[in-house]
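Subject: Structure handover

Hello,

Here is the structure we spoke about. Please look through it alongside the notes below.

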Amino acid sequence: MTEAKAASDPKKSTQLQYTAILGGTNGLGAAIAKVYQNRGEPVIIMGRSTKKITLEDPKEVLIRLDLEDAASSDRAADELKAAVNARRGRLKRFYWTAGM
């Protein structure tokens, strides 16, 4: 495969593919985040209880979010987009586990 074809092939891309977990600081969301962390895949963890989260990789992102606060939700959406763009990545998966 030529370099041009490899560069255009999404399977061969070196672009980071993030998994975002809303509600990823507790319970089911934290367990899902741990699965992806153990695989070495970058995660974006969003939740209210960010104090107990330790990021294991510099590619990972932690965003504080309180769904009961509209301003917090708007800010978190902006932070999510900025975090992925700043790392030249893309969002591959999104889990909503908050409130479960």
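G47 stands opposite R64 in strand 3. Strand 2 (residues 43-47) pairs with strand 3 in the parallel sense, over 4 bridges; two strands count as paired if DSSP finds at least two bridges between them. Strands (E, at least two residues) and helices (H or I, at least four) are DSSP runs, numbered from the N terminus.

This is a predicted model: local features need pLDDT of at least 70, side-chain atom pairs count only at pLDDT 80 or more, and totals for chains, interfaces and linings use all residues. Residues are numbered from 1 along each chain as its sequence is written, and side-chain values use heavy atoms, with hydrogens and water left out.

The open sheet is formed by 4 strands in the order 3-2-1-4, with parallel pairing. Strand 3 (61-64) and strand 4 are the edge strands, each pairing on one side only. From one strand to the next the twist averages 20°. Axes here are lines fitted to C-alpha atoms, for helices over the stretch in contact, and angles run from 0 to 180 degrees between N-to-C directions.

Helix 2 packs on the sheet and touches strand 1, strand 2 and strand 4; contact means heavy atoms within 4.5 Å. The direction of helix 2 makes about 165° with that of strand 2. Helix 3 (residues 70-86) lies across strand 1, strand 2, strand 3 and strand 4, and runs at about 165° to strand 3.

The aromatic pair

Rings of Phe, Tyr and Trp (its six-membered ring) pair if their centres lie within 6.5 Å; planes under 30 degrees apart count as stacked, over 60 as edge-to-face and the rest as tilted. By this rule there is 1 aromatic pair. Y36 and Y95 form this tilted pair, at 6.0 Å centre to centre with 45° between the planes. Y36 is in helix 2 (residues 27-38) and Y95 in strand 4 (residues 90-96), so the pair links distant parts of the chain, 59 residues apart.

Y36 is buried, with a relative accessible area of 6%, whereas Y95 is partly exposed at 27%. Buried means under 20% relative accessible area, exposed over 50%, and partly exposed in between (1.4 Å probe, protein chains only). R39 lies over the face of Y36, at 5.0 Å from the ring centre; the rule asks for NZ of Lys or CZ of Arg within 6 Å of the ring centre and within 35 degrees of the ring normal.

T19

T19 is in strand 1 (residues 17-22) and is buried, with a relative accessible area of 0%. Leaving aside neighbours within four places in sequence, T19 contacts Y36, E41, P42, V43, I44, R93 and Y95.

Regards
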